[in-house]
Amino acid sequence: PTVFPKPEQIMHNLRVLDNHVRPKLLANPNQRWELPAIIPTLAGADYHWDQAGALWRAQSFIADTESFDTIQSEAQAKEAGRALGFFHALIHDLPAHLLHDPLPGFHITPGYLAHYAALAVAPPRPDTSTEALFCHRFIAERQETAEVLAAAHLRGELLSCPIHGDPKLANILFNRDTGQAISLIDLDTVKPGLLHYDLGDCLRSCCNPAGEEADLAGVSFNLDCCAAILHGYLPEVASFFSPFDYQYIYDAARLIAFELGLRFFSDHLAGDVYFRSRRPGQNLHRAMIQFALCQSIEAHEAKIRKMTGDYQKR
């Protein structure tokens, strides 16, 4: 309940998702794709409340798979993109109004920016280090771009639909023998949102070969990895992707990296109350990594836009 105040909404979403997806998967038994199944209680319910008011649930284990924190090859990057695209295609016709929003405000960058602005006035953990001053300056220089996806949604250019919510590389399971991506896990953040939140997060997490706990000098956005992900993803969603969807791919990758850095830095100022940290200053370092990645994405803007434009013309 610290993160999800109404965990029963998560289980409602998982049941709706399972009812929608499982018949499609059963109709195509030759293609291995699995989602964690809900294992019912002895009473037949999807979850159990204990006497202390905590919610418990059980889900099936997906065997003979592995996950990774960093991309191992361009072939794996293409599989990661294909997996996300396949998942989006599976759920695209699921009416979004059937899903609860278990994390209101999740991926709404202007909301995170407002939270940061309030914290920065009198942070519980004041920090005048060179790194913290850099973060303050970095955020100030980019705050006007924080509404790019939210504004596109308000204009009707990007439409709300079911999304995974957290499709980072570590949440994709790969067949241990074939290397094929066969599942997306950690479905607690399934909710109505923008496809670009998912695609931006996938690109952000997969295209930084150094990973999220790296030395700053090794952080960069790998264009070959980006091309491989899009090569896997876009054919899966081509039937319902609009011209605007292609147009905002660059903005999504840049914004989600900025947003995560903003969230890490805000949590650093707040005293590490949200993201688990193992050492002092870890969330500050995480913020610096995401801001460095954001800078690298910005440096490649022209090439990323050309890449997505070329795919749109196919």
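By class, ten nonpolar, five polar and two charged residues make up the lining of the second largest pocket. Here nonpolar covers Ala, Val, Leu, Ile, Met, Phe, Trp, Tyr, Cys and Pro, charged covers Asp, Glu, Lys and Arg, and polar covers the others, including Gly. Before going on, please note that this is a predicted model, in which local features need pLDDT of at least 70 and side-chain atom pairs count only at pLDDT 80 or more, while totals for chains, interfaces and linings use all residues. Residues are numbered from 1 along each chain as its sequence is written, and side-chain values use heavy atoms, with hydrogens and water left out.

**The pockets**

A pocket is an open set of points on a 1 Å grid over the protein atoms alone, with protein on both sides within 12 Å along at least five of seven lines; a cavity is a set where a 1.4 Å probe fits but cannot get out, and lining residues have an atom within 4 Å of a point. Volumes are the space filled by probe spheres set on the points, which are joined across faces, edges and corners.

The largest pocket holds about 1000 Å³ of space. It has 32 lining residues, and Asp166, Lys168, Glu212, Phe264 and Phe275 are the closest to its centre. Two or more lining residues come from each of α6 (195-206) and α9 (249-270), with α9 giving the most, five residues. Helices (H or I, at least four residues) and strands (E, at least two) are DSSP runs numbered from the N terminus.

Let's return to the second largest pocket, which is lined by 17 residues, with Tyr112, His115, Arg263, Tyr274 and Phe275 nearest its centre. Both α3 (109-121) and α9 supply at least two of its lining residues, and α9 has the largest share, four residues.

**The cavities**

The structure holds two cavities of 30 Å³ or more. Helix α1 (residues 7-26) gives the most to the lining of the largest cavity, four residues; among the residues lining this cavity are Leu14, Arg22, Pro36 and Leu187. For the second largest cavity, α3 and α5 (148-154) each supply at least two lining residues, and the lining includes His107, Glu147, Tyr197 and Leu255.

| Space | Volume | Lining by class |
|---|---|---|
| Largest pocket | about 1000 Å³ | twelve nonpolar, six polar, 14 charged residues |
| Second largest pocket | about 360 Å³ | ten nonpolar, five polar, two charged residues |
| Largest cavity | about 60 Å³ | six nonpolar, one polar, two charged residues |
| Second largest cavity | about 40 Å³ | seven nonpolar, two polar, one charged residues |

**Strand β7 and Asn175**

In a regular strand, side chains alternate between the two faces of the sheet. Both faces of β7 are covered, with Ile172 and Phe174 buried on one side and Leu173 and Asn175 buried on the other. Buried means under 20% relative accessible area, exposed over 50% and partly exposed in between (1.4 Å probe, protein chains only). Asn175 counts as buried because its relative accessibility is 12%.

Strand β7 (residues 172-175) contains Asn175. β7 pairs with strand β5 (residues 65-66) in the antiparallel sense over two bridges, and Thr65 stands opposite Asn175. Pairing requires that DSSP finds at least two bridges between the strands. β7 also runs antiparallel to strand β8 (residues 181-184), joined by three bridges, with Phe174 opposite Ala181. The β7 and β8 hairpin has five residues between its strands, and Gly179 takes a positive phi near 80 degrees.

The side chain of Asn175 reaches the backbone nitrogen of Thr178 at 3.1 Å. Leaving out residues up to four places away in sequence, Asn175 touches Arg32, Asp64, Gln180 and Ile182, where contact means heavy atoms within 4.5 Å.

Notes: Polar contact = N/O pair within 3.5 Å; in protein donor to acceptor, adjacent residues only side chain to side chain.
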